[in-house]
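Reader: Could you walk me through how to read the features of a model like this one? I would like the general idea and then the case at hand.

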4 protein chains.
Amino acid sequence: MLIRAGYDIRYETEAETPMLAMLSIHPSRNRDLVTPHRIVADPDVPMYDYLDAYGNVCTRVTVPEGGLTLSCDFTVEDDGLPDASAPDAAQLQVEDLPDDVLVFLLGSRYCETDRLSDTAWSRFGDIAPGWQRVQAIVDFTHDHIEFGYPYARPDKTAWDAHQEQKGVCRDFAHLAITLCRCMNIPARYCTGYLGDIGVPPADAPMDFSAWFEVYLGGSWHTFDARHNRPRIGRILMARGRDATDTAIATTFGAARLAGFHVHTDEVAAIG
Amino acid sequence: MLIRAGYDIRYETEAETPMLAMLSIHPSRNRDLVTPHRIVADPDVPMYDYLDAYGNVCTRVTVPEGGLTLSCDFTVEDDGLPDASAPDAAQLQVEDLPDDVLVFLLGSRYCETDRLSDTAWSRFGDIAPGWQRVQAIVDFTHDHIEFGYPYARPDKTAWDAHQEQKGVCRDFAHLAITLCRCMNIPARYCTGYLGDIGVPPADAPMDFSAWFEVYLGGSWHTFDARHNRPRIGRILMARGRDATDTAIATTFGAARLAGFHVHTDEVAAIG
Amino acid sequence: MLIRAGYDIRYETEAETPMLAMLSIHPSRNRDLVTPHRIVADPDVPMYDYLDAYGNVCTRVTVPEGGLTLSCDFTVEDDGLPDASAPDAAQLQVEDLPDDVLVFLLGSRYCETDRLSDTAWSRFGDIAPGWQRVQAIVDFTHDHIEFGYPYARPDKTAWDAHQEQKGVCRDFAHLAITLCRCMNIPARYCTGYLGDIGVPPADAPMDFSAWFEVYLGGSWHTFDARHNRPRIGRILMARGRDATDTAIATTFGAARLAGFHVHTDEVAAIG
Amino acid sequence: MLIRAGYDIRYETEAETPMLAMLSIHPSRNRDLVTPHRIVADPDVPMYDYLDAYGNVCTRVTVPEGGLTLSCDFTVEDDGLPDASAPDAAQLQVEDLPDDVLVFLLGSRYCETDRLSDTAWSRFGDIAPGWQRVQAIVDFTHDHIEFGYPYARPDKTAWDAHQEQKGVCRDFAHLAITLCRCMNIPARYCTGYLGDIGVPPADAPMDFSAWFEVYLGGSWHTFDARHNRPRIGRILMARGRDATDTAIATTFGAARLAGFHVHTDEVAAIG
């Protein structure tokens, strides 16, 4: 399957403002590109990339006085399969986890494992470890939080989402991740493109999406507490402990988001 | 100057409990060792080390049923100088910061930059950028928080410390770090040995200490909001975004801290 | 299966001599340890470890005037299976190889791909790509080189081994690796323990062994051009481009190897 | 000072040919860009970057049947100063070198330290360690090798250059690097742009240049055995052990270099 995706995003500023953007696809998808993936800046200011500690592509750019539009449009090959299910994937003992996975058991800015541990153990302690327990956590999260764009706010944490029972996809992910970590299941936050391939078209404007991955049976598996059903065509952009590590744009100074269009569609051919 | 340091720490458990310990000196001090640095486990269970994303040595060990004592005793060469002052170190523009420094501007588990930004700008926005601004933040933090061991709790954040005005050295560090980051000054959390060399002996049992570093003028500089004075003989163990990344021991299961003795003393010779 | 392994190695020197040693097991085997893995130095001088760019544990130590004995004795759990065969593992197109695998297609100190390319293509160009081609390279190398300890010398390269047709296990590995790389098959050098489990006992004193791995079908596979048969009980110590990256000990100054005993045996229980 | 630099390079092929290119500036110069640095491919095929173990930007691209032109044109800010001299920079004892520097003491594909050690010690053993010894090595190399483009060949090593006494800038670098390493001075290979700023214009077409760096007194210093004089305006592209790690383009299959133009000039303003 071919998927064409990209964005046009505009920031307006009154003074030069440095920005850290994570607006590239994740390096793990680079070899699937069938057209160039190129971020176009208007005006054409210098930009450059580096990799963060999680292997994500970070772009540094200074938004000039007035503003900046960043655009991207590319096509990737995708296997077209829904998220894989692996109900037999076992939960590894902590002592058997690879070294570099351990960090995804710890707390992070939006995932206060220390505050939700009792809740997690009381709700999920009696459920069999492994896939079943993760699914129970996802079911709980999916039902516990009411989705609504107005409920988004930048400092909302998993604890807040648990208390307020309202949120957006990132809050669903944060809560489910936190509960998994409390149960000693490594979990990491993912962000990227997710179109409506194979599902009824959404009536809201397209946005980037947040989901998460858990480490079971020796590999990482995709879950999505917002939708709670296997989906087709996720194109990963960044992974990390939580939304802090994967913010689409972090500006160091005042910048107004003045335009935001994301597209992700199955296409028949490169065009 | 020679410093002899180490610890005896005992955990008691009722079942095998995996542990992640950060009880080694930081690799940057390895070349200063004049005796072996070796963690001795009693009973003599397998342990091994790996490096985390911040370059810290992490030790993996499973505490056997009953418990485990970890001990260490070593001697390092130290320059014997107090923390250096560099009042002319300039605050770099964000666009001039090295790529790998940017992460220390972001929020983290115990450093909610999003919640303290207004406070920071209203208090420190009028102070000249650079060393002077950091010192103002340290002065404020030092005066704002009342020190007391009973005020320690594992989920206390910079925001909490700011509101409650009570805490321990880690809370001083978290608050000062958060305020620095809000002002676009990269700041990272440090933990290690700090004895009473050159200061009156403390009347409390020795513990590990927390301080922080800021990036000014192209390099990292040490500050200590708890003591707010240059000190001699810091031996770094771990650095990271905050206390999450540098916990002395993270146990995955129930473990009771049954013994805790840390020593750090100037010595005349290896013995 | 439990395997007990280790060594006693002695260097004698007339002056303090810095040494870089790779005498630990590879981190990928750390979780298999059932007893501590500890390098004991006599005299008990300071030593410390770091990781090189290939993920190997490197130990830095200064051999004191007179000399130094390094000893190790540990037990690991092993699956007890012979090297796996995967005749269907496909040779990936270069454009489909992961980024971090590409370096294992390039030339290196002892693997002069530029000098052996014509030889490789004329001999193996007609053989089907993938497992079969690697096996043909291993068969050729195994037959082409006559084994003999006296044929070892530190500056012998794959080209030299090909011309002289004499060598030791490291020369077999270097030649096979070079021929694989010439055919666009990523190949890396391995060193470690290899006892005579499941084969007739050797009549020579035990040494560390060299073998290699190739990247086929999305993962690394073990081959051994010296023995050219599946073996049981390899315990990896280090991996790299060639023997330069994995030398047991590199001394910066004159040092005489005055003792060298390696042991690797299946055992019934920890002892 | 502003420097405008770039290239137009064309490869012709008869079949799709994967390529690994190192045609970007080194990340350490990214913050000096005053215009975008963008590699333009004609035809506009997908390309993507990754970082190798030395921190260089590597570009992966498949040259389509027929061929591919890669072009780049950018402007950077430069301090305009000639290579710094630091005659007091001391040679560190091996035991005092940072861990990540040690690799630059070892042999590599084109730097056979094992074969040139006796030569190095007999020539330079009586010269004071440090800057003076490096300068003596550079003087020797500069005088020992006769420069000439026809002397270039891809498999020429430092040993070959030493024996044949003929070569190009990469051979000068390889020989000087090897001699430095033999004397326990860490040395690494550099490639990049070097125009004729401040020197009489060369009568040859511009090419990329090779030089090297040594680690003295706690930092890296630039030397150039080809020119043996401080130069202005080096723009680093890649660093590594030797030319293996820094090849402008490695093609996996037949490709003909059909066009090669490099430009590097001081400019008064962005144009």
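This is a predicted model: local features need pLDDT of at least 70, side-chain atom pairs count only at pLDDT 80 or more; totals for chains, interfaces and linings use all residues.

Reader: How is an interface sized, and what area is buried between chain B and chain A?

Author: The size of an interface is often given as the accessible area lost when the parts come together. Buried area here is the accessible area (1.4 Å probe) that two parts lose on being put together, summed over both. For chain B and chain A that comes to about 2,600 Å², with carbon and sulfur atoms giving 54%. Chain B brings 34 residues to the contact and chain A brings 34 residues, where contact means heavy atoms within 4.5 Å. Arg60(B), Arg109(B) and Phe252(B) supply 24% of the area that chain B buries against chain A, more than any other three residues.

Reader: And what do chain B and chain C bury between them?

Author: About 1,200 Å², 56% of it on carbon and sulfur atoms. This contact takes 14 residues from chain B and 14 residues from chain C.

Reader: How many salt bridges are there over all chains?

Author: The rule asks for a side-chain nitrogen of Lys or Arg within 4 Å of a carboxyl oxygen of Asp or Glu. Over all chains, the search of the whole structure finds 68 salt bridges. Six salt bridges are counted between chain B and chain A. One of them pairs Arg60(B) with Asp99(A), the closest N and O atoms being 2.9 Å apart. Arg60(B) lies in strand β5 (residues 57-63) of chain B and Asp99(A) in the loop between β6 (66-77) and α1 (113-124) of chain A, so this pair joins two chains. There is also a salt bridge from Asp99(B) to Arg60(A), with the closest N and O atoms 2.9 Å apart. Across the interface of chain B and chain C there are two salt bridges, including that of Arg38(C) with Asp44(B), where the closest N and O atoms are 2.8 Å apart.

Reader: In what order do the strands of the open sheet in chain C run?

Author: Helices (H or I, at least four residues) and strands (E, at least two) are DSSP runs, numbered from the N terminus, and two strands pair if DSSP finds at least two bridges between them. In chain C, four strands form an open sheet in the order β3-β6-β1-β14, with antiparallel pairing. Its edge strands are β3 (40-42) and β14 (256-267), each of which pairs on one side only. Neighbouring strands of this sheet are turned by 10 degrees against each other on average, direction ignored. β3(C) and β6(C) pair over three bridges, and Ala41(C) has Leu70(C) as its bridge partner.

Reader: Which strands make up the open sheet of chain B?

Author: There the order is β4-β5-β2-β13, again an antiparallel pairing of four strands. β4 and β13 (249-251) of chain B are the edge strands. Strand β2 (residues 17-21) of chain B pairs with β5(B) over five bridges, and the bridge partner of Pro18(B) in β5(B) is Thr62(B).

Reader: At what angle do helix α1 and helix α4 of chain D pack?

Author: Axes are lines fitted to C-alpha atoms, for helices over the stretch in contact, and angles run from 0 to 180 degrees between N-to-C directions. Helix α1 (residues 113-124) and helix α4 (residues 169-182) of chain D pack at about 75 degrees, with their axes 8 Å apart. α1(D) and α4(D) are therefore roughly perpendicular to each other; angles under 35 degrees count as roughly parallel, over 145 as roughly antiparallel, 65 to 115 as roughly perpendicular and the rest as oblique. Among the contact residues are Trp121(D) of α1(D) and Leu175(D) of α4(D).

Key: Residues are numbered from 1 along each chain as its sequence is written. Chains are lettered from A and ligands numbered from 1 in the order in which they are written. Side-chain values use heavy atoms; hydrogens and water are left out.
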